[in-house]
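Biologist: I would like to go through this model with you, one packing question at a time. Shall we begin with the helices?

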Amino acid sequence: MSTRVRLGVLQAAAPLLAIAFGAVVASGIILAIGKDPLEVYGLMLRFNLTRSDSVAAIFLKATPLTFAGLAVALSFRANLWNIGVEGQYAVGAFAAALVAFGVRGLPAPIHLPLAVLAGVAGGAAWALLPIALKLRRGAHEVITSIMMNYIAAALVLFLLADVFRDPTQAGTPRVRTPLFEDSARIPLLRPVLQLVGIGVPDHSALNWFLPLGVVLCLGAAYVLARTRFGYEVRAVALNPDAAETAGIRIARTQFYMFLASGAVAGLVGLSDVLGFFGYFDIDFPKGLGFLGISVALLARNDPIGVVPAALLLAFLDRGAQGVQVFSGVPREVITILQAVIILAIVVGYELVTRYVRAQRKREAESAVSGPSDVSVERGG
(Lines give C-alpha, C1' and ligand atoms only; values in the text may rest on other atoms or scores of the structure.)
Protein backbone atom coordinates (compact mmCIF):
# COMPACT_ATOMS: atom_id res chain seq x y z
CA MET A 1 0.00 0.00 0.00
CA SER A 2 1.45 3.38 -1.03
CA THR A 3 1.95 6.15 1.52
CA ARG A 4 -0.72 8.32 -0.12
CA VAL A 5 -3.34 5.55 0.10
CA ARG A 6 -2.33 4.68 3.65
CA LEU A 7 -2.69 8.29 4.81
CA GLY A 8 -6.04 8.59 3.00
CA VAL A 9 -7.37 5.48 4.72
CA LEU A 10 -6.16 6.81 8.06
CA GLN A 11 -7.96 10.13 7.53
CA ALA A 12 -11.16 8.35 6.46
CA ALA A 13 -11.06 6.03 9.47
CA ALA A 14 -10.50 8.83 12.01
CA PRO A 15 -14.22 9.66 12.54
CA LEU A 16 -15.11 5.97 12.87
CA LEU A 17 -12.40 5.50 15.49
CA ALA A 18 -13.65 8.61 17.30
CA ILE A 19 -17.23 7.27 17.31
CA ALA A 20 -15.95 3.95 18.65
CA PHE A 21 -14.04 5.79 21.37
CA GLY A 22 -17.15 7.77 22.31
CA ALA A 23 -19.16 4.55 22.48
CA VAL A 24 -16.56 3.01 24.82
CA VAL A 25 -16.72 6.03 27.16
CA ALA A 26 -20.52 6.01 27.11
CA SER A 27 -20.46 2.27 27.82
CA GLY A 28 -18.58 2.95 31.03
CA ILE A 29 -21.27 5.44 32.06
CA ILE A 30 -24.06 3.00 31.18
CA LEU A 31 -22.36 0.28 33.21
CA ALA A 32 -22.03 2.70 36.12
CA ILE A 33 -25.82 3.15 36.24
CA GLY A 34 -26.38 -0.61 36.16
CA LYS A 35 -27.40 -1.10 32.52
CA ASP A 36 -26.00 -3.35 29.80
CA PRO A 37 -24.32 -1.19 27.08
CA LEU A 38 -24.89 -3.79 24.35
CA GLU A 39 -28.56 -3.99 25.22
CA VAL A 40 -28.87 -0.20 25.18
CA TYR A 41 -27.07 0.17 21.84
CA GLY A 42 -29.11 -2.68 20.36
CA LEU A 43 -32.31 -1.00 21.51
CA MET A 44 -31.17 2.28 19.97
CA LEU A 45 -30.44 0.63 16.63
CA ARG A 46 -33.75 -1.25 16.58
CA PHE A 47 -35.71 1.83 17.62
CA ASN A 48 -34.07 4.01 14.98
CA LEU A 49 -33.81 1.65 12.04
CA THR A 50 -36.83 -0.65 12.23
CA ARG A 51 -39.54 2.00 12.65
CA SER A 52 -40.57 4.15 9.73
CA ASP A 53 -41.57 7.00 12.05
CA SER A 54 -38.08 6.98 13.60
CA VAL A 55 -36.37 7.08 10.21
CA ALA A 56 -38.59 9.97 9.13
CA ALA A 57 -37.95 11.76 12.43
CA ILE A 58 -34.18 11.40 12.00
CA PHE A 59 -34.25 12.98 8.55
CA LEU A 60 -36.61 15.71 9.76
CA LYS A 61 -34.34 16.50 12.70
CA ALA A 62 -31.29 16.48 10.43
CA THR A 63 -32.81 19.07 8.08
CA PRO A 64 -32.28 22.22 10.21
CA LEU A 65 -29.01 20.79 11.54
CA THR A 66 -27.72 20.55 7.96
CA PHE A 67 -28.34 24.26 7.37
CA ALA A 68 -26.94 25.19 10.79
CA GLY A 69 -23.80 23.10 10.27
CA LEU A 70 -23.25 24.52 6.80
CA ALA A 71 -23.69 28.09 8.08
CA VAL A 72 -21.05 27.59 10.76
CA ALA A 73 -18.72 25.68 8.43
CA LEU A 74 -18.75 28.47 5.84
CA SER A 75 -17.53 31.01 8.36
CA PHE A 76 -14.94 28.60 9.79
CA ARG A 77 -13.55 28.03 6.30
CA ALA A 78 -12.63 31.73 6.15
CA ASN A 79 -11.05 31.75 9.63
CA LEU A 80 -14.11 33.47 11.09
CA TRP A 81 -16.09 32.34 14.13
CA ASN A 82 -19.76 32.93 13.48
CA ILE A 83 -21.25 32.11 16.88
CA GLY A 84 -24.29 34.21 15.95
CA VAL A 85 -26.10 31.55 13.90
CA GLU A 86 -28.57 31.23 16.77
CA GLY A 87 -29.68 34.86 16.42
CA GLN A 88 -29.44 34.89 12.64
CA TYR A 89 -31.78 31.95 12.20
CA ALA A 90 -34.27 33.42 14.68
CA VAL A 91 -34.36 36.70 12.75
CA GLY A 92 -34.49 34.85 9.43
CA ALA A 93 -37.36 32.63 10.55
CA PHE A 94 -39.32 35.61 11.84
CA ALA A 95 -38.75 37.53 8.60
CA ALA A 96 -40.03 34.52 6.66
CA ALA A 97 -43.03 34.32 8.99
CA LEU A 98 -43.86 37.98 8.34
CA VAL A 99 -44.01 37.31 4.61
CA ALA A 100 -45.86 34.03 5.14
CA PHE A 101 -48.80 35.55 7.02
CA GLY A 102 -48.52 39.21 5.97
CA VAL A 103 -48.51 38.80 2.19
CA ARG A 104 -51.72 37.44 0.78
CA GLY A 105 -53.12 36.58 -2.62
CA LEU A 106 -49.91 35.31 -4.20
CA PRO A 107 -49.65 31.91 -5.87
CA ALA A 108 -47.47 29.33 -4.14
CA PRO A 109 -44.66 29.43 -6.78
CA ILE A 110 -44.15 33.10 -5.87
CA HIS A 111 -45.20 33.26 -2.22
CA LEU A 112 -43.05 30.40 -0.91
CA PRO A 113 -39.80 31.53 -2.61
CA LEU A 114 -40.53 35.05 -1.38
CA ALA A 115 -40.83 33.80 2.21
CA VAL A 116 -37.62 31.78 1.84
CA LEU A 117 -35.78 34.80 0.43
CA ALA A 118 -37.02 36.85 3.37
CA GLY A 119 -35.44 34.29 5.68
CA VAL A 120 -32.17 34.45 3.76
CA ALA A 121 -32.20 38.25 3.83
CA GLY A 122 -32.99 38.32 7.56
CA GLY A 123 -30.10 36.01 8.42
CA ALA A 124 -27.65 37.89 6.21
CA ALA A 125 -28.76 41.27 7.57
CA TRP A 126 -28.21 40.08 11.15
CA ALA A 127 -24.69 38.93 10.21
CA LEU A 128 -23.82 42.28 8.66
CA LEU A 129 -23.02 44.20 11.85
CA PRO A 130 -20.56 41.67 13.38
CA ILE A 131 -18.52 41.34 10.19
CA ALA A 132 -18.58 45.11 9.59
CA LEU A 133 -17.30 45.71 13.13
CA LYS A 134 -14.69 43.01 12.61
CA LEU A 135 -13.34 44.45 9.36
CA ARG A 136 -13.73 48.14 10.16
CA ARG A 137 -12.91 48.31 13.86
CA GLY A 138 -11.24 45.00 14.63
CA ALA A 139 -13.98 43.91 17.05
CA HIS A 140 -13.78 40.15 17.50
CA GLU A 141 -16.69 38.44 15.80
CA VAL A 142 -17.11 35.92 18.63
CA ILE A 143 -18.04 38.64 21.09
CA THR A 144 -20.19 40.68 18.74
CA SER A 145 -22.05 37.71 17.26
CA ILE A 146 -22.81 36.32 20.73
CA MET A 147 -24.18 39.69 21.79
CA MET A 148 -26.26 39.80 18.62
CA ASN A 149 -27.84 36.51 19.71
CA TYR A 150 -29.23 38.14 22.86
CA ILE A 151 -30.43 41.18 20.92
CA ALA A 152 -32.12 38.93 18.34
CA ALA A 153 -33.91 36.92 21.04
CA ALA A 154 -35.21 40.08 22.72
CA LEU A 155 -36.18 41.75 19.43
CA VAL A 156 -38.04 38.72 18.09
CA LEU A 157 -39.87 38.28 21.38
CA PHE A 158 -40.91 41.95 21.38
CA LEU A 159 -42.14 41.81 17.78
CA LEU A 160 -43.97 38.55 18.40
CA ALA A 161 -45.67 39.47 21.67
CA ASP A 162 -46.31 43.21 21.25
CA VAL A 163 -46.53 43.95 17.53
CA PHE A 164 -47.49 40.94 15.41
CA ARG A 165 -49.32 38.72 17.89
CA ASP A 166 -52.39 37.02 16.46
CA PRO A 167 -55.35 39.12 17.74
CA THR A 168 -57.53 36.02 17.84
CA GLN A 169 -55.29 34.66 20.61
CA ALA A 170 -55.84 37.68 22.89
CA GLY A 171 -56.83 36.58 26.39
CA THR A 172 -55.19 33.18 25.93
CA PRO A 173 -51.69 32.11 27.01
CA ARG A 174 -50.74 31.44 23.38
CA VAL A 175 -48.30 33.95 21.93
CA ARG A 176 -48.02 33.41 18.20
CA THR A 177 -48.35 35.09 14.84
CA PRO A 178 -51.43 34.60 12.65
CA LEU A 179 -51.54 31.36 10.69
CA PHE A 180 -49.58 31.32 7.45
CA GLU A 181 -51.16 31.27 4.04
CA ASP A 182 -51.18 27.80 2.49
CA SER A 183 -49.24 29.21 -0.44
CA ALA A 184 -46.27 29.86 1.89
CA ARG A 185 -46.10 26.32 3.31
CA ILE A 186 -43.28 23.99 2.26
CA PRO A 187 -44.68 20.92 0.46
CA LEU A 188 -44.20 17.56 2.13
CA LEU A 189 -41.99 14.83 0.69
CA ARG A 190 -44.44 12.05 1.58
CA PRO A 191 -46.40 11.98 -1.72
CA VAL A 192 -43.23 11.71 -3.82
CA LEU A 193 -41.63 9.11 -1.55
CA GLN A 194 -44.77 7.00 -1.59
CA LEU A 195 -44.79 7.11 -5.39
CA VAL A 196 -41.35 5.45 -5.43
CA GLY A 197 -42.38 2.90 -2.81
CA ILE A 198 -40.87 4.49 0.31
CA GLY A 199 -43.32 4.44 3.20
CA VAL A 200 -43.55 7.58 5.32
CA PRO A 201 -46.00 7.96 8.24
CA ASP A 202 -48.93 10.26 7.55
CA HIS A 203 -48.04 12.48 10.50
CA SER A 204 -44.44 13.03 9.31
CA ALA A 205 -43.55 16.63 8.42
CA LEU A 206 -40.55 15.62 6.29
CA ASN A 207 -40.46 18.24 3.54
CA TRP A 208 -38.53 19.51 0.55
CA PHE A 209 -36.07 21.45 2.67
CA LEU A 210 -34.15 18.21 3.23
CA PRO A 211 -33.08 17.81 -0.45
CA LEU A 212 -32.60 21.58 -0.61
CA GLY A 213 -30.09 21.36 2.24
CA VAL A 214 -28.21 18.53 0.52
CA VAL A 215 -28.10 20.47 -2.76
CA LEU A 216 -26.87 23.57 -0.94
CA CYS A 217 -24.06 21.57 0.69
CA LEU A 218 -23.04 20.14 -2.70
CA GLY A 219 -23.11 23.62 -4.23
CA ALA A 220 -20.97 25.05 -1.43
CA ALA A 221 -18.49 22.21 -1.81
CA TYR A 222 -18.26 22.86 -5.55
CA VAL A 223 -17.73 26.60 -5.08
CA LEU A 224 -15.02 26.06 -2.47
CA ALA A 225 -13.22 23.37 -4.45
CA ARG A 226 -13.64 24.39 -8.10
CA THR A 227 -13.97 28.15 -8.40
CA ARG A 228 -11.59 31.07 -8.15
CA PHE A 229 -13.45 32.42 -5.15
CA GLY A 230 -13.10 29.06 -3.43
CA TYR A 231 -9.37 29.14 -4.11
CA GLU A 232 -9.17 32.59 -2.52
CA VAL A 233 -11.07 31.32 0.54
CA ARG A 234 -8.67 28.41 0.93
CA ALA A 235 -5.68 30.71 0.52
CA VAL A 236 -7.00 33.14 3.14
CA ALA A 237 -7.62 30.27 5.56
CA LEU A 238 -4.24 28.58 5.06
CA ASN A 239 -1.94 31.60 4.99
CA PRO A 240 -3.43 35.12 5.10
CA ASP A 241 -0.04 36.80 4.64
CA ALA A 242 0.74 34.79 1.53
CA ALA A 243 -2.79 35.37 0.21
CA GLU A 244 -2.42 39.13 0.66
CA THR A 245 0.96 39.09 -1.03
CA ALA A 246 -0.64 37.26 -3.97
CA GLY A 247 -3.17 40.06 -4.35
CA ILE A 248 -6.16 38.42 -2.68
CA ARG A 249 -8.36 40.91 -0.83
CA ILE A 250 -8.73 39.21 2.53
CA ALA A 251 -11.37 41.58 3.90
CA ARG A 252 -13.60 41.15 0.86
CA THR A 253 -13.32 37.35 0.97
CA GLN A 254 -14.13 37.21 4.68
CA PHE A 255 -17.02 39.66 4.24
CA TYR A 256 -18.67 37.53 1.56
CA MET A 257 -18.14 34.28 3.47
CA PHE A 258 -19.59 35.71 6.68
CA LEU A 259 -22.62 37.07 4.83
CA ALA A 260 -23.05 33.69 3.11
CA SER A 261 -22.91 32.07 6.53
CA GLY A 262 -25.62 34.41 7.82
CA ALA A 263 -27.76 33.85 4.73
CA VAL A 264 -27.65 30.07 5.18
CA ALA A 265 -28.37 30.56 8.88
CA GLY A 266 -31.56 32.34 7.86
CA LEU A 267 -32.77 29.02 6.42
CA VAL A 268 -32.25 26.98 9.60
CA GLY A 269 -35.68 27.49 11.12
CA LEU A 270 -37.77 27.48 7.94
CA SER A 271 -38.27 23.71 7.86
CA ASP A 272 -40.01 23.94 11.23
CA VAL A 273 -41.83 27.24 10.70
CA LEU A 274 -42.98 26.89 7.09
CA GLY A 275 -43.01 23.11 6.91
CA PHE A 276 -44.44 22.01 10.24
CA PHE A 277 -45.96 24.65 12.53
CA GLY A 278 -47.54 27.06 10.07
CA TYR A 279 -47.03 29.91 12.53
CA PHE A 280 -44.23 31.47 14.59
CA ASP A 281 -44.75 31.21 18.32
CA ILE A 282 -42.89 31.69 21.56
CA ASP A 283 -41.92 27.99 21.62
CA PHE A 284 -40.02 28.27 18.34
CA PRO A 285 -37.14 25.70 18.46
CA LYS A 286 -33.99 27.15 20.01
CA GLY A 287 -30.42 25.95 20.28
CA LEU A 288 -30.05 24.83 16.66
CA GLY A 289 -27.40 27.46 16.03
CA PHE A 290 -25.16 26.09 18.76
CA LEU A 291 -25.78 22.52 17.56
CA GLY A 292 -24.58 23.74 14.17
CA ILE A 293 -21.13 24.30 15.72
CA SER A 294 -21.06 20.63 16.72
CA VAL A 295 -22.13 19.60 13.23
CA ALA A 296 -19.42 21.75 11.62
CA LEU A 297 -16.76 20.36 13.96
CA LEU A 298 -17.86 16.79 13.23
CA ALA A 299 -17.73 17.52 9.50
CA ARG A 300 -14.35 19.22 9.76
CA ASN A 301 -15.95 22.20 8.02
CA ASP A 302 -16.48 20.15 4.88
CA PRO A 303 -19.86 21.09 3.32
CA ILE A 304 -20.41 17.53 2.12
CA GLY A 305 -19.46 16.13 5.51
CA VAL A 306 -22.13 18.33 7.11
CA VAL A 307 -24.89 16.01 5.86
CA PRO A 308 -23.70 12.78 7.57
CA ALA A 309 -22.70 14.77 10.66
CA ALA A 310 -26.22 16.20 10.94
CA LEU A 311 -27.68 12.73 10.42
CA LEU A 312 -25.44 11.33 13.17
CA LEU A 313 -26.60 13.91 15.71
CA ALA A 314 -30.22 13.39 14.65
CA PHE A 315 -29.73 9.61 14.96
CA LEU A 316 -28.36 9.96 18.50
CA ASP A 317 -31.10 12.40 19.47
CA ARG A 318 -33.88 10.10 18.24
CA GLY A 319 -32.18 7.09 19.79
CA ALA A 320 -32.01 8.92 23.11
CA GLN A 321 -35.78 9.13 23.13
CA GLY A 322 -36.06 5.38 22.57
CA VAL A 323 -33.59 4.27 25.23
CA GLN A 324 -35.05 6.75 27.70
CA VAL A 325 -38.57 5.36 27.26
CA PHE A 326 -37.87 1.65 26.85
CA SER A 327 -34.77 1.03 28.97
CA GLY A 328 -34.84 3.84 31.52
CA VAL A 329 -31.39 5.16 30.57
CA PRO A 330 -31.30 8.92 31.25
CA ARG A 331 -31.19 11.13 28.18
CA GLU A 332 -28.11 12.80 29.63
CA VAL A 333 -26.09 9.64 28.90
CA ILE A 334 -26.71 10.12 25.16
CA THR A 335 -25.84 13.80 25.51
CA ILE A 336 -22.54 12.75 27.06
CA LEU A 337 -22.04 10.30 24.18
CA GLN A 338 -22.55 13.13 21.68
CA ALA A 339 -20.09 15.37 23.51
CA VAL A 340 -17.46 12.64 23.78
CA ILE A 341 -17.76 11.80 20.08
CA ILE A 342 -17.31 15.45 19.13
CA LEU A 343 -14.30 15.85 21.42
CA ALA A 344 -12.79 12.59 20.17
CA ILE A 345 -13.21 13.60 16.54
CA VAL A 346 -11.70 17.04 17.11
CA VAL A 347 -8.71 15.62 19.00
CA GLY A 348 -8.39 12.59 16.73
CA TYR A 349 -8.45 14.69 13.57
CA GLU A 350 -5.83 17.02 14.98
CA LEU A 351 -3.53 14.10 15.78
CA VAL A 352 -4.12 12.52 12.36
CA THR A 353 -3.59 15.86 10.60
CA ARG A 354 -0.27 16.40 12.40
CA TYR A 355 0.83 12.87 11.57
CA VAL A 356 -0.12 13.22 7.90
CA ARG A 357 1.60 16.61 7.69
CA ALA A 358 4.77 15.20 9.23
CA GLN A 359 4.73 12.25 6.83
CA ARG A 360 4.30 14.48 3.79
CA LYS A 361 7.03 16.82 4.99
CA ARG A 362 9.34 13.85 5.38
CA GLU A 363 8.46 12.66 1.87
CA ALA A 364 9.14 16.15 0.45
CA GLU A 365 12.47 16.35 2.22
CA SER A 366 13.41 12.91 0.91
CA ALA A 367 12.44 13.91 -2.63
CA VAL A 368 14.58 17.06 -2.41
CA SER A 369 17.58 15.51 -0.70
CA GLY A 370 17.66 12.41 -2.96
CA PRO A 371 18.85 14.00 -6.24
CA SER A 372 21.29 16.32 -4.45
CA ASP A 373 22.89 13.36 -2.72
CA VAL A 374 23.26 11.69 -6.08
CA SER A 375 24.85 14.82 -7.59
CA VAL A 376 27.22 15.08 -4.63
CA GLU A 377 28.23 11.51 -5.10
CA ARG A 378 28.77 12.12 -8.82
CA GLY A 379 30.71 15.31 -8.11
CA GLY A 380 32.90 13.41 -5.64
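This is a predicted model: local features need pLDDT of at least 70, side-chain atom pairs count only at pLDDT 80 or more; totals for chains, interfaces and linings use all residues.

Biologist: At what angle do the axes of α3 and α14 cross, and what is their orientation to each other?

Modeller: The axes cross at roughly 135 degrees. Angles over 145 degrees count as roughly antiparallel, and 65 to 115 as roughly perpendicular. The α3/α14 pair is therefore oblique.

Biologist: Is the crossing of α3 and α14 left-handed or right-handed, and how many charged residues does the contact have?

Modeller: The α3/α14 crossing is right-handed. By class, the contact has 15 nonpolar and three polar residues, and the charged ones number five.

Biologist: Stay with α3. Is Ser75 buried or exposed?

Modeller: Ser75 lies in α3, which spans residues 52-77. Leaving aside neighbours within four places in sequence, its contacts are Leu80, Trp81, Asn82 and Ser261. The cut-off for buried is under 20% relative accessible area. Ser75 has 0%, so the residue is buried.

Biologist: And Gly328: how does its accessibility class come out?

Modeller: Gly328 sits in the loop between α14 (303-326) and α15 (331-379). Exposed needs over 50% and buried needs under 20%. Gly328 has 49% relative accessibility, so the class is partly exposed.

Biologist: What separates the C-alpha atoms of Gly328 and Val40?

Modeller: Along the chain, Gly328 and Val40 are 288 residues apart.

Biologist: Next, α4 and α6. How are these helices oriented to each other?

Modeller: Helix α4 covers residues 85-102 and helix α6 covers 141-163. Their axes come within 8 Å and cross at roughly 25 degrees. Angles under 35 degrees count as roughly parallel. So α4 and α6 are roughly parallel.

Biologist: Which residues of α6 make the contact with α4?

Modeller: From α4 come Val85, Glu86, Gly87, Ala90, Val91 and Phe94. Taken with their partners, the contact residues divide into eight nonpolar, two polar and one charged. The α6 side is Asn149, Ala152, Val156, Leu159 and Leu160.

Biologist: Which residues does Val273 contact, leaving aside neighbours within four places in sequence?

Modeller: Phe180, Gly278, Tyr279, Phe280 and Phe284 are among them.

Methods: Residues are numbered from 1 along each chain as its sequence is written. Side-chain values use heavy atoms; hydrogens and water are left out. Axes are lines fitted to C-alpha atoms, for helices over the stretch in contact, and angles run from 0 to 180 degrees between N-to-C directions. Helices (H or I, at least four residues) and strands (E, at least two) are DSSP runs, numbered from the N terminus. Contact means heavy atoms within 4.5 Å. Ala, Val, Leu, Ile, Met, Phe, Trp, Tyr, Cys and Pro count as nonpolar, Asp, Glu, Lys and Arg as charged, and the others, Gly among them, as polar. Buried means under 20% relative accessible area, exposed over 50%, partly exposed in between (1.4 Å probe, protein chains only). A crossing is left-handed if the near helix is turned anticlockwise from the far one by less than a right angle, and right-handed if clockwise.
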